[in-house]
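This report describes parts of a predicted model.

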Amino acid sequence: MLGTIANRQLLSPGSLRDALRMLDVEGPLVPMAGCTDLYVALNFGTLHGTKFLNLWGLDELRRIAVRDDVLSIGALCTYTGIIRSRIVQSRLPMLVAAAREVGGVQIQNRGTIGGNIANASPAGDTLPVLAAADAVVAVKSAAGERRIRLAEFYTGYRTSVLAANELIVGVEIPRIRGRQWFRKVGTRAAQSISKVVMAAVDGGRGPGGQRRAPRIAIGSVAPTVVRLPRTEAALASGASIDDAQGILLDEIAPIDDVRSTAEYRRRVAANLLANFWSGRRRG
Amino acid sequence: MQFTLNGKRVRLDVHPMTRLLDALREPCGLTGTKEGCGEGECGACTVLVDRIPVNACLVPLAQVAGARVTTIEGLGGRHPLQRAFVEHGGAQCGICTPGMILAAVALGPRPSLKTIKMGLAGNICRCTGYSAIYRSVERAGVHARNHR
């Protein structure tokens, strides 16, 4: 291991209220949940921060519930918890599909949805799902709470609107109408970080029979996860899939990196759009 | 820091951010748990925490306070999975073997081949090509039945 823990301090709050107080008066603190990202950085000697906040014991952040037709998933829910939740299976199957492809079971048993959001990786597997689902991130601090649309949460590569004294406490997902779709393309089903990852909802039909606009989000092709509003609008107005693919290619900005090339990602992103759209119900 | 290790209460006076892997191998002296990649990719350091497989290289010791930790030493050398790995060529160089066996323990008795493949997807082996490992886990169910 290249990193060292000798000069670091760990605070273990007994409750969420304790944790928020510590963030307020003892900060800056690095919140620590399942450690599936933080301890990789520790191993490589790239972990920043000297004071850490151990959230793992805060069971109040592990709840999954539906209130007023909104699905609420606590920040500490693990991928395994999501996969096994009947509520998530029935309301948000595309999140279950994404959770199944995160790491292997050891990572699924420890990694949390709050951590995936906070880590702010453009390749985060659950983020396109949350973006396509119009999810809202619930954030608390000692001063109060606020709710931020996932689409407005990220400000750039690995940066977000989260303040230093704020903690992600959960994510809220309104009821989704229509078919849900998820696809991750990587080197292997388990353990690989995505080359391209897409989630989409086709919207179904409204009460008058009119088709609702699809909602499409994509990861690993820009500094943050992105929604594709122009592609969505084109498909909603009856554009051909060829035209929609052209618009999608204008809306993404992939790069060459260790996992893939920009050209491959552009091709795969366009193919995924066609794959999603060809599976919708006709008529 | 207190937890239960292979059925015995232990108390360690080390930094709470110590990796569970290092705590097991050094102060506890249980070197059956191997370090492969150190980044949660290979599964060589798999142990069970409250019967759930985790990568010990990514777990701070503070997060197992009060928990039950099981390592390969806790299976005692006579577990049906250990016998099956020996008899069916599931182990070659041996580095992945403790982690493979503990991940397989968590699958319960008589898992299907599909369940085995999914359950061991986070454990990498560079020797066997996996077939012998899958066969060992499948055959362990038979050993377990004869063992009773």
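Helix H1 of chain A, residues 16–25, lies across S6 and strand S10 (167–174) of chain A. Its direction makes an angle of about 120° with S10(A).

## The five-stranded sheet of chain A

S10(A) and S6(A) also belong to an open sheet of five strands, ordered S4-S5-S10-S6-S7, in which the pairing is antiparallel. The edges are taken by strand S4 (64–67) and strand S7 (144–149) of chain A. Each of these has a single partner strand, so one side of each is left without a neighbour in the sheet. From one strand to the next the twist averages 25°.

Strand S6 of chain A, residues 136–141, runs antiparallel to S7(A), and six bridges join the two. Within this pair, A:Lys140 has A:Glu145 of S7(A) as its bridge partner.

## The three-stranded sheet of chain A

Strands of a sheet pair through backbone hydrogen bonds, in either the parallel or the antiparallel sense. In chain A, an open sheet of three strands has the order S1-S3-S2, and here the pairing is parallel. Strand S1 (9–11) and strand S2 (30–32) of chain A are at the edges; each has a single partner strand, so one side of each lacks a neighbour in the sheet. Neighbouring strands are turned against each other by 30° on average, direction ignored.

Three bridges link S1(A) with strand S3 of chain A, residues 51–54, in the parallel sense. In this pair A:Gln9 is placed opposite A:Lys51 of S3(A).

## The second largest pocket

The volume of the second largest pocket is about 1,000 Å³. Its lining consists of 39 residues, and those closest to the centre are A:Thr80, A:Arg84, A:Val105, A:Asn109 and B:Ile52. Which elements give two or more residues to this lining? In chain A they are helix H3 (79–84) and helix H6 (105–108), and in chain B they are strand S4 (52–55) and helix H4 (113–119).

H4(B) gives the most to the lining, with four residues. Sorted by class, the lining of this pocket holds 20 nonpolar residues, twelve polar residues and seven charged residues.

Methods: Residues numbered from 1 in each chain as written. Chains lettered and ligands numbered in written order. Predicted model: local features only at pLDDT ≥ 70, side-chain atom pairs only at ≥ 80, totals over all residues. Heavy atoms only, no water. 1 Å grid on protein atoms, 1.4 Å probe; cavity = no way out; pocket = protein on both sides within 12 Å on 5 of 7 lines; lining within 4 Å. Points joined across faces, edges and corners; volume = space filled by probe spheres on them. Nonpolar A, V, L, I, M, F, W, Y, C, P; charged D, E, K, R; others polar. Pairing = 2+ DSSP bridges. Axes fitted to C-alpha atoms, helices over the stretch in contact; angles between N-to-C directions. Contact = heavy atoms within 4.5 Å.
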